[in-house]
Amino acid sequence: QISLWKEKFEKFILHKEKFVLKPSNWKCWTWVKIFQKSEIWADFYDKNIKNNESLVLQERIENYPLHINSTKKDWNLRVLVTFDALKNKYISVWMIWRIGNYWEVINISQNAEYISFEDLSKLIWLDKLQSKKLKKNLYNISTKSVNAISKRFADNKTNFQTISWVDIILDKNLIPFVIEVNPATSGWMY
């Protein structure tokens, strides 16, 4: 199984210049690492992958450019999705942007700060119509993500929570990419 993982890892990074490794177990934010392909060395697998029980390997997406006081920043957002029992469906109800230093993990538990959707929209020069359209799109993709996961849990006859956090990053073209879906406790990801 180790050789299969190594083979998949090598195929994945073959066409990726930047990637992210993170555990998918409890307190996953404590060991998220960002790498460039040039940082792969002979014992990379042994030092970073071998002894980890469960890892997620993701492409590092360059987010939409943001500079504050001439300093480049990384940022992503978190959307709160809950179940509306009256409508019998999941709905997105709130979102917050997280902003931090470039090339660092964007996590409130470590170094990032919150910023409102409206404030960030102004920083990236969105007008009111663009901002409204983006918000609607982000709520839609978040609800679809939770629906997909809850269906999978239902198919496995497992209960899924009624509150979830969906982490999303916007690329340089403002196209949203779901990073992960977290339960209410936010210590585990799907």
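**Entry 1**

I started with Arg 78, which counts as buried at 11% relative accessibility. (Buried means under 20% relative accessible area, exposed over 50% and partly exposed in between, using a 1.4 Å probe and protein chains only.) A reminder to myself: this is a predicted model, where local features need pLDDT of at least 70, side-chain atom pairs count only at pLDDT 80 or more, and totals for chains, interfaces and linings use all residues. I also noted that residues are numbered from 1 along each chain as its sequence is written, and that side-chain values use heavy atoms, with hydrogens and water left out.

Next I looked up the partner of Arg 78: its side chain meets that of Asp 167 in a salt bridge, 2.7 Å from N to O. (A salt bridge is a side-chain nitrogen of Lys or Arg within 4 Å of a carboxyl oxygen of Asp or Glu.) This pair links distant parts of the chain, with Arg 78 in strand E5 and Asp 167 in strand E8, 89 residues apart. (Strands, E, are DSSP runs of at least two residues and helices, H or I, of at least four, numbered from the N terminus.)

Is Asp 167 buried or exposed? I found it buried, at 4% relative accessibility.

How many salt bridges does the structure hold? I read six. One of them joins Arg 60 to Asp 74, with the closest N and O atoms 2.6 Å apart. Arg 60 sits in the loop between strand E3 (55–59) and E4, while Asp 74 is in strand E5, 14 residues away. Arg 60 is buried at 9%, and Asp 74 is buried at 3%.

I went back to strand E8 (residues 163–170), which runs antiparallel to strand E9 (residues 176–183) and is joined to it by seven bridges. (Two strands pair if DSSP finds at least two bridges between them.) Leu 170 stands opposite Pro 176 in E9.

Five residues lie between the strands of this hairpin. Leu 174, in that loop, has a positive phi of about 65° although it is not a glycine. Leu 174 is partly exposed, at 22%.
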